[in-house]
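Hi everyone, thanks for coming. Let me put a structure on the screen, and we'll walk through it together.

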Amino acid sequence: MRQVTVPSYLEAVRSSRTALRTAGFLALGILGLGVANGSALAASGDDLTARGAYLVAGLGCADCHTPMKMGPKGPEPDLSRQLSGHPENLKLPPPPKADGSWVWFGSATNTAYAGPWGISYAINLTPDKETGLGNWREEDFVQAIKTGKHAGVGRPIMPPMPWPAMSHLSEDDLRAMFRYLQTLPPIHNRAPDYQPPASG
Ligand code: HEC
């Protein structure tokens with residue numbers, strides 16, 4: 001599998017746009033002659049992956065799914081753990097008490113969240129087969145985001161995962177994002193299970 005960094009994908013998006021414009025001109029020319037050539041405009045697999053990289057970067061998935069570490073200028077994403085979710089060996093003490101004005105809290109890594117829903121942990125989005133999305137089908141990903149249920153069929157997906165906003169994206173865009181995520185270097189990291197609120 002080809003490993004490409006986000007910036008080079010963004011470069012690919014830019015050049016594929018130019019290519020599409022050129023293809024559009026050519027297709028128009030061909031249509032003018034009465035010969036439609038649809039395949040000239042069909043997106044190739046690489047174009048889809050590039051679009052996925054553009055969406056994952058622009059929608060800020062890394063803000064929550066890449067752990068923050070303390071750097072010289074404050075918290076910064078730990079790029080050695082890109083999109084691998086809450087670090088499995090980072091056990092947290094119980095969260096502060098909510099008081100009616102401050103109702104939810106995020107961890108220093110910005111990968112764990114406590115609120116009225118309990119405690120949720122950003123999961124591993126890399127294609128590791130045991131702990132990430134390696135065994136997910138494209139359909140599981142699309143349905144998870146469209147329905148707000150784990151893999152499209154399980155328990156409700158908890159805040160602050162922004163699936164309600166993401167569900168407005170087209171299926172094609174969601175597929176593109178999944179394709180891009182599958183090209184990341186797999187990182188073995190099992191984020192802790194979601195903990196429902198203590199009853200009572
Ligand atoms: C504000 C923080 C936040 C952002 C931004 C965010 N996520 Fe999440 N995500 C989470 C949390 C927390 C969970 C775990 C929720 C749970 O356990 O129910 C999660 C879970 C997921 C899941 C698993 C869903 C399932 O079926 O169980 C996927 C897939 C996912 N995120 C993809 C993404 C993608 C792609 C983006 C960028 C478009 C993104 N997330 C942006 C916090 C976030």
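Let's start with helix H2, residues 45–58, and helix H6, residues 171–181: their axes come within 7 Å and cross at roughly 95°. The axes here are lines fitted to C-alpha atoms over the stretch in contact, with angles from 0 to 180 degrees between N-to-C directions. H2 and H6 are therefore roughly perpendicular to each other, a label for angles of 65 to 115 degrees.

Before going on, please keep in mind that this is a predicted model: local features need pLDDT of at least 70, side-chain atom pairs count only at pLDDT 80 or more, and totals for chains, interfaces and linings use all residues. Residues are numbered from 1 along each chain as its sequence is written.

Which residues of H2 and H6 meet? On the H2 side they include Leu 48, Arg 51 and Leu 55, and on the H6 side Met 177, Phe 178 and Tyr 180. Contact means C-beta atoms, placed from the backbone, within 7 Å.

Now the whole chain. It has 6 helices and 5 strands, meaning DSSP runs, with helices being H or I of at least four residues and strands E of at least two, numbered from the N terminus. Their order from the N terminus is α-α-α-β-β-β-β-β-α-α-α.

Finally, the ligand. Of the 24 residues around the ligand, Cys 61, Cys 64, Ala 144, Met 158 and Met 161 come nearest; a residue counts as near if its C-beta atom, placed from the backbone, lies within 6 Å. Helix H3 gives the most to this shell, with 4 residues.

Terms used. Angles under 35 degrees count as roughly parallel, over 145 as roughly antiparallel, 65 to 115 as roughly perpendicular and the rest as oblique. Two residues are in contact if their C-beta atoms, placed from the backbone, lie within 7 Å.
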